[in-house]
Amino acid sequence: ARAFVPIKDGSQVIGTLQIGTNDSFLTDLSEMFPSVSVSLLTSSGMVTRSSDENLINKSMKDKIDFEEVLAGELVRLETKGTIQSFIPLYDPTNSHIIGAIHLEKDTSIVNTIFNMLLMLVGIILVVTAISAIFIASFYTKSLTRPLVALVERMERLRNGDLTMPITRTDRADEIGQLTRRANDMQSQLQQSLLSVAQASQEVMEKGNVL
């Protein structure tokens with residue numbers, strides 16, 4: 001693509017300045033931004049150069065109102081999977097619009113990554129919920145089982161059953177404290193009954209002597 005700018009000396013044109021780019025410019029851009037295609041459009045909306053060879057010699061007028069671009073407006077078009085921008089292209093004197101630059105970005109990769117992130121977040125939430133239920137169930141059992149056993153033990157003590165073995169525990173929480181208090185109470189009751197039995201035996205022996 002080339003543009004020619006008149007070189008003036010006062011009111012007289014004494015030459016021209018030629019500015020141009022070749023396809024390597026578009027190729028370099030496409031290599032810098034792999035998901036973006038860059039195209040040069042004429043004032044009629046026809047693609048003359050493009051990093052995407054499938055777009056060359058195709059018209060873009062069916063996609064947008066190209067008159068808005070020729071009027072100097074930047075037109076943005078979002079479709080499913082792509083974002084397209086049409087940028088007015090001025091001549092070197094910046095006085096006339098001679099075409100447009102068309103940028104098309106593929107957003108399907110972004111959508112794929114976003115969907116993967118959503119799936120990952122969902123999996124994390126499910127795993128967290130299952131872990132929370134498992135941990136809650138484990139700790140509930142670790143609390144309720146010794147409490148149930150302690151209640152049964154106290155019930156047997158209330159009914160006068162002192163034949164139960166002493167339950168040792170290394171727990172430092174409230175359940176451990178209750179278990180140790182129950183052990184102390186059972187030991188004291190056993191000692192009291194032993195003392196009463198010994199006193200009764202002594203009374204009987206003294207009675208026999210008398």
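**Entry 1, surface patch.** I looked for nonpolar side chains on the surface and found a patch made of I109, I113, L117, L120 and I124. Together these residues have about 460 Å² of accessible area. I note here that the model is a predicted one.

I took I124 from the patch and looked up its place in the fold: I124 lies in helix α3, which covers residues 108-158. Is I124 buried, partly exposed or exposed? Its relative accessibility is 47%, so I put I124 down as partly exposed; exposed would require over 50%.

I then turned to the strands. Five of them make up an open sheet, and I read their order as β4-β3-β7-β6-β5. The pairing is antiparallel. Which strands are at the edges? They are β4 (47-50) and β5 (75-79), each of which pairs on one side only. From one strand to the next, I have the twist down as 20° on average.

I followed edge strand β5 to its pairing with β6, residues 82-90. The two run antiparallel and are joined over five bridges. I also checked what stands opposite E78, and found I83 in β6.

How many salt bridges does the structure hold? I recorded one. It links the side chains of E78 and R76, with 3.5 Å from N to O. I looked up the exposure of the two partners as well: E78 and R76 are both exposed.

Definitions and conventions. Residues are numbered from 1 along each chain as its sequence is written. This is a predicted model: local features need pLDDT of at least 70, side-chain atom pairs count only at pLDDT 80 or more; totals for chains, interfaces and linings use all residues. Side-chain values use heavy atoms; hydrogens and water are left out. A salt bridge is a side-chain nitrogen of Lys or Arg within 4 Å of a carboxyl oxygen of Asp or Glu. Buried means under 20% relative accessible area, exposed over 50%, partly exposed in between (1.4 Å probe, protein chains only). Patches are made of residues with over 30% relative accessible area and no salt bridge: like charges are joined within 9 Å, nonpolar side chains (Val, Leu, Ile, Met, Phe, Trp, Tyr) within 5 Å. Accessible areas come from the Shrake-Rupley method with a 1.4 Å probe; for residues, only the protein chains shown count as cover. Helices (H or I, at least four residues) and strands (E, at least two) are DSSP runs, numbered from the N terminus. Two strands pair if DSSP finds at least two bridges between them. Axes are lines fitted to C-alpha atoms, for helices over the stretch in contact, and angles run from 0 to 180 degrees between N-to-C directions.
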